[in-house]
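Keep the sequence and the coordinates open while reading.

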Amino acid sequence: MPVAVLALVGLGLGLGAGGAVANPGLPPKTAGELLAAVANAPNQPFSGTVVETANLGLPALPDTGGSTSPQALLTGSHTLRIWYASPKQVRLALIGDLAETDLIRNGTDAWLWSSRTNTATHTVLPAEATGAIPSPTALPVDPVTAAQQALAAIDPTTVVTVDGTSVVANRPVYELVLAPRDPSSLIGQVRLALDSTTFLPLRVEVFAKGGTSPAFETGFTALQTAAPDASVFSFTPPPGATVTTQSAPTTAQPSASAPSTPSMSPTVVGSGWMSVLVLHGATASSLSSNATLGTLLKATTPVQGAFGSGQLLSTPLLSVLLLSDGRTLIGAVQPSVLEQAATAAPAPATS
């Protein structure tokens, strides 16, 4: 899976998100025609409701921030609302029980707002900052962003096919299937449901090899293809809110990472489906102070080799290698690929 999908430990049944049916009577299209249609589709404003489901077989995580915390997206199903007018006007709301977390971009202003804690983080972005649908985590929780990242991984090692048609959010769709050929990839296939009129991705399902249900899924349950009202993207913190202003991050959106999570600058080893994300600056001791990360550390096993020593977390879809020298390697690949990457990209020298 593309690197942005792998930046967190986390990436249901496929038809649940959109209420798919078998045959809406669409004219047949080839995989090449669908790829070209997606690539050439004009910017499509929209708003809608999305259900995201993650089922990685991770250990039970502590409830540190309720159903609207970023950590909550790592397991179970969650409902989000999305409004999109352009790459520089986007809003996403993670809806929970009597609370929500909102991420808003409106031109050069970016806001992260939690109703549960009545806190807001304001970031002033550079005018040239590129836009993307924001996410409470590095996990692409909306189908549009998830599909963009999957399509970016296509290379000569990818088998691309069309698997009929269906219906998602009451809209006819084509089912495009991407399957990595490399046996070291943990991904069996990624299924994209493409709207037959706008070619907007309406659902993305990621299957581990041998899996019969998605390990990760995000899909619209309701969709409106009209430009949202401009007022949706205007945000003023409510009275009594604690407001923090921060400098613009490189990702063009405020970070919702836990405060105790160390700052790590990412690099990439490999490409496409075999990409490995390398984060710098984390150790087991520094991560254990965070309740969620500490729980995940307890599910790791010790490893050592030419790359050094550390801890390995392995799931059907994801491998994470946390080394004692401060590097963390993450990929939807066999653990041996992480070990090779760690050997090829040694830790930076310390002064």
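Which residue in E14 is the bridge partner of Val268? The partner is Leu277. Note before going on that this is a predicted model. The pair belongs to the contact between E13 and E14, which run antiparallel and are joined over three bridges. E13 covers residues 267–269 and E14 covers residues 276–280.

These two strands are part of an open sheet of six strands, with antiparallel pairing and the order E13-E14-E18-E17-E16-E15. At its edges are E13 and E15 (301–305), each of which pairs on one side only. Direction ignored, neighbouring strands of this sheet are turned by 25° against each other on average.

Helix H5 (residues 335–344) has the buried residues Pro335, Val337, Leu338, Ala341 and Ala342. Their directions span an arc of only 155° around the axis, so they are on the same side of H5. The spacing can be read against a general rule. An α-helix has 3.6 residues a turn, so residues three or four places apart point the same way. On the other side of H5 are the exposed residues Gln340 and Ala344. The cover over the buried residues of H5 includes E13, E14, E16 (308–314), E17 (319–323) and E18 (327–331). H5 lies across these strands and runs at about 35° to E17.

The chain as a whole gives the setting for these elements. Its secondary structure comes to five helices and 18 strands. It has 351 residues, of which 51% count as buried. The accessible surface of the chain is about 14700 Å², and carbon and sulfur atoms account for 56% of that surface.

Eight of the nine residues of E1 are buried, so E1 is largely enclosed by the rest of the structure. E1 pairs in the antiparallel sense with E2 (residues 76–86) over nine bridges. One of the paired positions is Ser47, whose bridge partner in E2 is Trp83. E1 is also joined to E11 by eight bridges, again with the two strands antiparallel. There Val50 stands opposite Phe220 in E11.

E9 and E10 form a hairpin with five residues between them. In the turn, Phe199 has a positive phi of about 60°. Thr198 lies in this loop between E9 and E10. Is Thr198 buried or exposed? The relative accessible area of Thr198 is 16%, and the cut-off for buried is under 20%, so Thr198 counts as buried. Leaving aside neighbours within four places in sequence, Thr198 is in contact with Ala41, Gln44 and Arg171. The side chain of Thr198 also reaches the backbone nitrogen of Leu200 at 3.2 Å.

H2 (residues 143–152) is mostly covered, with seven of its ten residues buried. The buried residues are Pro143, Val144, Thr145, Ala146, Ala147, Gln149 and Ala150. At the N-terminal end, H2 is capped by Asp142, which has a side-chain oxygen 3.1 Å from the backbone nitrogen of Val144.

A last stop is the loop between E11 and E12 (242–246), where Gly240 is found. Gly240 has a relative accessible area of 69%, and exposed means over 50%, so Gly240 counts as exposed. How far apart are Gly240 and Thr119 in sequence and in space? They are separated by 121 residues in sequence and by 8.9 Å in space, C-alpha to C-alpha.

Methods. Residues numbered from 1 in each chain as written. Predicted model: local features only at pLDDT ≥ 70, side-chain atom pairs only at ≥ 80, totals over all residues. Heavy atoms only, no water. Buried < 20%, exposed > 50% of the residue type's maximum accessible area, 1.4 Å probe, protein only. Helix = DSSP H or I, 4+ residues; strand = E, 2+ residues; numbered from the N terminus. Polar contact = N/O pair within 3.5 Å; in protein donor to acceptor, adjacent residues only side chain to side chain. Arc of directions from axis to C-beta. Contact = heavy atoms within 4.5 Å. Areas by Shrake-Rupley, 256 points an atom, 1.4 Å probe, with all protein chains shown as cover. Pairing = 2+ DSSP bridges. Axes fitted to C-alpha atoms, helices over the stretch in contact; angles between N-to-C directions.
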